[in-house]
Amino acid sequence: MEIHVILGAWYEKEKRDLPWRNTSDPYKIWLSEVILQQTRVAQGTGYYLRFLERFPDIFSLAEAKSEDVLKIWQGLGYYSRARNLHETARFVASHRNGEFPDIYSELLQLKGVGEYTAAAISSIAFNEVQAAVDGNVKRVISRLFSVREAINSPEGLKTINALAREILDPENPGRHNQALMELGAGICLPKKPRCINCPLNGICMAIKENRVEELPLKYGKAKVRNRFFTYLIIRQKEKIWLKQRGAGDIWQGLYEFPLIETQSQCTINDYPSLLSEYLGAKISEAQINRISDPITHKLSHQNLRCSFIHISFPGDTSPSQIPGAAISIGEFGEFPVPKLIERYISTSGF
Ligand code: SF4
């Protein structure tokens, strides 16, 4: 029996009932694919439902303020995804009268839509015969055919894409793509794949050649960069200061407390000179109330070592050079902030 037939039958029986599987609306499929690019289903489902409740169609998303889009996305990470969704929604609403492109080549022109996402949307929403190759699919195919090249090399990718096209179900490409992803997410796991429960174990080359453990082959991973952040939680009565992050770095468009970034971890002895440089002459009026222990926050290629210094200005004057703007503490929840800051404030307060 052909691979797609076995896989299709298995999927019909075993697939999880996920909210985006009961629709052919390209807006909803697009949203689910973008969320699931870097997020697991368990975490992404709640975000998907909240996002749709707030922005049920492309027009409501197009008309939204960027702060509101980022706020719904808060905690999900990789915020460029939210910015691209927003920009694309505006484009589709204004240039295409809200009509989503319905072919792969046009989907590929949309901001934030790469080959994988375009193939997923075109096959699932419009039944176009395109193979959607994400990380899960690369792993499954690499094992199924015992691929000898690294999956993160150009040759390896070429081989995987060719094999993915070869085994595609021409009648039902959307279901087939989802079935392969489902197999990768639940059975052909990165560590300890559950081969005994796999519908393809009778034809899997990795099993035949005893290569399951070593596949997929990968070149060395990118180096992790260490960064050292000291956040100043500056308070004056019921006001605190927040600053929006700019372009070209992590968390673009999100808000955070005034930040001092240093080349190495600060010690308690470094703070007086750092703070006087930052707060200028007004340092004598500042009261340091608390300094947190350093917290490590991991991103995909960065380890952030972060401390929080709680400073208050008891009088009515505060330094004019504090970057950002003062807001009332009650408004804090309305601003999109990185997960690190949300977590810190929810456990430690201002
Ligand atoms: S038999 Fe095992 S290694 Fe092969 S595809 Fe299935 S789960 Fe993956």
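Predicted model: local features only at pLDDT ≥ 70, side-chain atom pairs only at ≥ 80, totals over all residues.
I took helices (H or I, at least four residues) and strands (E, at least two) as DSSP runs, numbered from the N terminus.

Residues are numbered from 1 along each chain as its sequence is written.

**Entry: where H9 meets H11**

Which residues in H9 meet H11? I found Asn-136, Val-137, Arg-139 and Val-140. On the H11 side they meet Leu-180, Met-181, Leu-183, Gly-184 and Ala-185. I sorted this contact by class and got six nonpolar, two polar and one charged residues. Here Ala, Val, Leu, Ile, Met, Phe, Trp, Tyr, Cys and Pro count as nonpolar, Asp, Glu, Lys and Arg as charged, and the others, Gly among them, as polar. Contact means that the C-beta atoms of two residues, placed from the backbone, lie within 7 Å.

**Entry: H11 itself**

I checked the length of H11. Its 14 residues reach 20 Å from first C-alpha to last, close to the 20 Å expected at 1.5 Å a residue. The expected span is 1.5 Å times one less than the number of residues.

Is H11 enclosed or open? Twelve of its 14 residues are buried, so H11 is largely enclosed by the rest of the structure. A residue is buried if 20 or more other C-beta atoms lie within 10 Å of its own, exposed if 12 or fewer, and partly exposed in between; C-beta atoms are placed from the backbone. Among the buried ones I listed Pro-173, His-176, Leu-180 and Glu-182. The cover over them includes helix H1 (3–14), helix H8 (115–126) and H9.

**Entry: the whole protein**

I counted 14 helices and eight strands in the protein. Of its 350 residues, 31% count as buried. The C-alpha trace spans about 80 × 50 × 30 Å along its principal axes.

I found domain 1 (3–208) and domain 2 (225–348), with bounds from an automatic or database domain assignment. Their C-alpha centres lie 37 Å apart. The contact takes nine residues from domain 1 and eight from domain 2. On the domain 1 side, helix H5 (66–73) and helix H6 (80–95) give two or more residues. H5 gives the most, with four residues. That side has two nonpolar, four polar and three charged residues.

Which residues does a cis peptide bond join? I found Leu-215 and Pro-216, with omega about 0°. Pro-216 sits in the loop between helix H12 (205–208) and strand S1 (225–236).

Asn-97 has phi near 55°, a positive value in a residue other than glycine. I placed Asn-97 in the loop between H6 and helix H7 (104–107). Asn-97 is exposed, with 8 other C-beta atoms within 10 Å.

Lys-237 has a positive phi too, near 50°. Its loop runs between S1 and strand S2 (239–244). Lys-237 is partly exposed, with 13 other C-beta atoms within 10 Å.
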